[in-house]
Amino acid sequence: MTKDDKEIMCQCDCNHEHTCEDEHEDFPQIHLVLEDDTEVDCLVLTTMELRGKKFVALLPVGEERVLLYELKETEEGIELVNIESDEEFELVSKAFLEEFGDE
């Protein structure tokens with residue numbers, strides 16, 4: 001992950017001493033290729049709309065950190081964009097934790 005990726009810890013009940021794919025089997029998976037050509041399989045935990053923007057919470061398979069990105073629709077499809085503003089990141093983090101905080 002790049003230094004600009006925003007992350008928070010997974011709020012699920014699994015202990016992460018195992019791959020938590022079994023705990024999260026209800027979530028769709030996507031395959032990401034990052035700017036540095038690192039490939040990551042992620043579970044799509046949720047999408048949310050806040051202040052007129054769309055965001056996504058991704059959990060890399062076998063990891064315990066959740067990545068938050070803004071979703072932008074382009075002519076080529078959907079693009080994941082780093083959340084640059086600390087204020088916006090806090091807003092998205094809070095919304096994610098409200099939805100998944102007890103899980």
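Colleague: Which residue forms a salt bridge with K53?

Modeller: This is a predicted model, and four salt bridges are found in it. In one of them the closest N and O atoms are 2.9 Å apart, and the partner of K53 is E88.

Colleague: Where do K53 and E88 lie, and how many residues apart are they?

Modeller: K53 is in strand β4 and E88 is in helix α1. The pair therefore links distant parts of the chain, going by DSSP elements, and the separation is 35 residues.

Colleague: Is E88 buried or exposed?

Modeller: The cut-off for buried is under 20% relative accessible area. E88 has a relative accessibility of 17%, so E88 counts as buried.

Colleague: How far apart are the closest N and O atoms of R65 and E63?

Modeller: R65 is buried, with a relative accessible area of 17%, whereas E63 is partly exposed at 27%. These two residues form a salt bridge, and the distance between the closest N and O atoms is 2.7 Å.

Colleague: Which element gives the most residues to the largest nonpolar core?

Modeller: This core has 15 residues, and those touching the most other members include L45, M48, V66 and F96. Two or more residues come from each of β3, β4 (53–60), β5 (65–74) and α1 (86–100). With five residues, the element that gives the most is α1.

Colleague: Which residues gather in the patch of negative charge on the surface?

Modeller: Residues join a patch only with over 30% relative accessible area and no salt bridge. D41, in strand β3 (residues 39–50), is partly exposed at 39%. D37 is exposed, with a relative accessible area of 59%. The patch is made of E35, D36, D37, E39 and D41.

Colleague: What is the phi of D37?

Modeller: Most residues other than glycine have a negative phi. D37 sits in the loop between β2 (29–33) and β3. D37 is not a glycine, yet its phi is positive, at about 70 degrees.

Colleague: Where is R51, which also has a positive phi?

Modeller: Phi of R51 is near 50 degrees, and R51 is a residue other than glycine. R51 has a relative accessible area of 66%, so R51 is exposed. The place of R51 is the loop between β3 and β4.

Notes
Residues numbered from 1 in each chain as written. Predicted model: local features only at pLDDT ≥ 70, side-chain atom pairs only at ≥ 80, totals over all residues. Heavy atoms only, no water. Patch = residues over 30% accessible without salt bridge, like charges linked within 9 Å, V, L, I, M, F, W, Y side chains within 5 Å. Areas by Shrake-Rupley, 256 points an atom, 1.4 Å probe, with all protein chains shown as cover. Salt bridge = Lys/Arg side-chain N within 4 Å of Asp/Glu carboxyl O. Lys, Arg positive; Asp, Glu negative; His and termini not counted. Charge placed at Lys NZ, Arg CZ, Asp CG, Glu CD. Helix = DSSP H or I, 4+ residues; strand = E, 2+ residues; numbered from the N terminus. Buried < 20%, exposed > 50% of the residue type's maximum accessible area, 1.4 Å probe, protein only. Core = buried A, V, L, I, M, F, W, Y, C linked by side-chain atoms within 4.5 Å.
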